[in-house]
Amino acid sequence: MAEASGIIEQETEVCSTNGICPKLDVYVWDMDETLILLNSLLKSSYAEAFNGRKDVQKGIEIGRAWENLILQICDDYFFYEKIENYNQPFLDAVVQYDDGRDLSGYDFSQDELGPPHDDANKRKLAYRHRVIARKYTQGLHTILDHETIKLWDDLYDKTDAYTDRWLSSARAFLMECYGENKDAVSSIAFANTSTDITNAKYPHVNVLVTSGSLIPSLVKCLLFRLDRLITHGNVYSSWDVGKHQCFRWIKERFNHPNVRFCVIGDGWEECQAAEIMKWPFVKIDPRPGTPHRFPGLTRSTVRHYFSVVYGSQNNEDDEE
């Protein structure tokens with residue numbers, strides 16, 4: 001795995017230099033029908049679960065509006081029309097083919113990316129991935145016009161109201177999971193800073209593993225305001241490789257004695273993969289009134305799942 005080695009090396013060095021490994025919780029998230037709602041809006045299953053208390057047609061219209069906006073952003077700004085058939089499990093999957101060329105004057109429309117899948121075309125794909133990573137880091141406000149930003153903001157607020165604050169509650173929960181020392185967590189997630197992660201009392205990392213293809217998943221993170229809480233290097237697409245393989249890569253990245261993993265999602269595949277990895281799995285249930293949804297899910301509930309697999313940890317009480 002291209003991105004794993006630097007992170008493993010940094011963590012090993014920190015552990016050996018200081019004599020101890022910092023405690024780290026890695027939250028492995030599903031996206032659709034977990035952190036966001038989209039398919040259940042389009043298929044009306046979300047509204048139908050409320051037995052007439054939700055306007056079904058309104059939910060479908062909201063879902064279609066998101067679908068159109070996602071595809072528009074993907075095609076207009078993230079090369080998706082050109083690279084749809086070149087899905088990768090993560091952005092750094094082809095980084096070894098990137099020669100570091102200055103892309104400021106590069107004409108992507110004329111470089112003839114296409115078959116065969118040789119080194120030359122992999123380099124062209126790596127260039128695009130580099131630009132995508134930069135745009136993700138900078139955020140959509142730097143590339144969208146005022147009219148599109150207003151449409152996006154209005155759609156987000158409309159969706160959040162329709163879903164009883166599912167989006168904002170899920171985002172707030174991600175912020176809780178980030179822990180108290182965001183800078184320390186970022187140093188682990190990127191493995192490119194010198195921040196001493198032992199300064200963090202109890203750092204956490206959010207990782208996304210989605211069954212969707214990579215580029216639309218990154219765009220969803222941006223549109224649903226998750227990009228400051230899940231870095232582009234922590235977004236994985238299991239479309240081609242399966243969730244178990246993604247989980248194995250994640251374990252390789254964050255591999256030291258004091259790490260704990262927890263999977264949160266709504267599907268059978270992440271449940272099965274978590275079981276194979278012997279990681280706790282929290283199943284999201286979108287039905288109204290259930291505790292494993294947003295709003296509803298709490299850190300206390302997730303800590304219970306951690307304790308079942310890893311045992312209780314005394315200083316978890318300090319997190320409150």
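Buried means under 20% relative accessible area, exposed over 50%, and partly exposed in between. On that scale Cys-271 is partly exposed, with a relative accessible area of 31%. All views below show a predicted model.

**Figure 1. Overview of the predicted protein, with 13 helices and 5 strands.** Of the 320 residues, 53% count as buried. Among contacts with a separation of 6 or more, 74% join residues 24 or more positions apart. The mean pLDDT is 88, and 84% of the residues reach 70 or more. Over residues 1–14, pLDDT is below 50. This stretch has 35 contacts in the model beyond near neighbours in sequence. Residues 180–202 also stay under 50 in pLDDT. For them the model has 49 contacts beyond four places in sequence. Where pLDDT is low, the predicted coordinates should not be read in detail.

**Figure 2. Trp-29 in the largest nonpolar core.** This core has 70 residues. Trp-29, Leu-35, Trp-66, Leu-223 and Ile-264 have the most contacts inside it. Beyond its neighbours within four places in sequence, Trp-29 is in contact with residues including Leu-35, Phe-173, Cys-177, Val-207, Ile-264 and Phe-294. Another core, of 22 residues, lies apart from the largest one. Its members include Phe-90, Ile-250, Phe-254 and Met-277. In soluble globular proteins, nonpolar side chains tend to be buried together.

**Figure 3. Strand E4 and its partners E1 and E5.** E4 covers residues 259–265. Because 7 of its 7 residues are buried, E4 is largely enclosed by the rest of the structure. Val-259, Phe-261, Val-263 and Gly-265 point one way from E4. Arg-260, Cys-262 and Ile-264 point the other way. In a regular strand the side chains alternate between the two faces of the sheet. Strand E1 (residues 24–29) runs parallel to E4, and 6 bridges join them. Leu-24 has Val-259 as its bridge partner in E4. Strand E5 (residues 281–283) also runs parallel to E4, joined by 3 bridges. Here Val-263 stands opposite Phe-281. With helix H12 (residues 268–277), E4 and E5 make a right-handed β-α-β unit.

**Figure 4. Cys-177, a buried cysteine in no disulfide.** The count for the protein comes to 0 disulfides. The nearest cysteine sulfur to that of Cys-177 belongs to Cys-262, 8.6 Å away. Cys-177 has a relative accessible area of 0%.

**Figure 5. Phe-90 and Pro-116 in the loop between H5 and H6.** The loop lies between helix H5 (80–83) and helix H6 (119–138). Phe-90 counts as buried because its relative accessibility is 4%. Its C-alpha atom is separated by 6.3 Å from that of Ser-237, 147 residues apart along the chain. The peptide bond from Pro-115 to Pro-116 is cis, with omega near -5°.

**Figure 6. The cis bond from Phe-294 to Pro-295.** Omega is near -10°. Pro-295 is in the loop between E5 and helix H13 (299–310).

**Figure 7. Positive phi at Phe-79 and Lys-278.** Neither residue is a glycine. Phe-79 has phi near 60° and sits in the loop between helix H4 (56–77) and H5. Lys-278 has phi of about 65° and sits in the loop between H12 and E5. Phe-79 is buried, at 16% relative accessible area, whereas Lys-278 is exposed, at 65%.

Note on methods:
Residues are numbered from 1 along each chain as its sequence is written. This is a predicted model: local features need pLDDT of at least 70, side-chain atom pairs count only at pLDDT 80 or more; totals for chains, interfaces and linings use all residues. Side-chain values use heavy atoms; hydrogens and water are left out. A nonpolar core is a set of buried Ala, Val, Leu, Ile, Met, Phe, Trp, Tyr and Cys residues joined through side-chain atoms within 4.5 Å. Buried means under 20% relative accessible area, exposed over 50%, partly exposed in between (1.4 Å probe, protein chains only). Contact means heavy atoms within 4.5 Å. A disulfide is a pair of cysteine sulfur atoms within 2.5 Å. Helices (H or I, at least four residues) and strands (E, at least two) are DSSP runs, numbered from the N terminus. Two strands pair if DSSP finds at least two bridges between them. A crossover is right-handed if, with the strands pointing away from the viewer, the path from the first strand over the helix to the second runs clockwise. pLDDT is the predictor's confidence in each residue, from 0 to 100.
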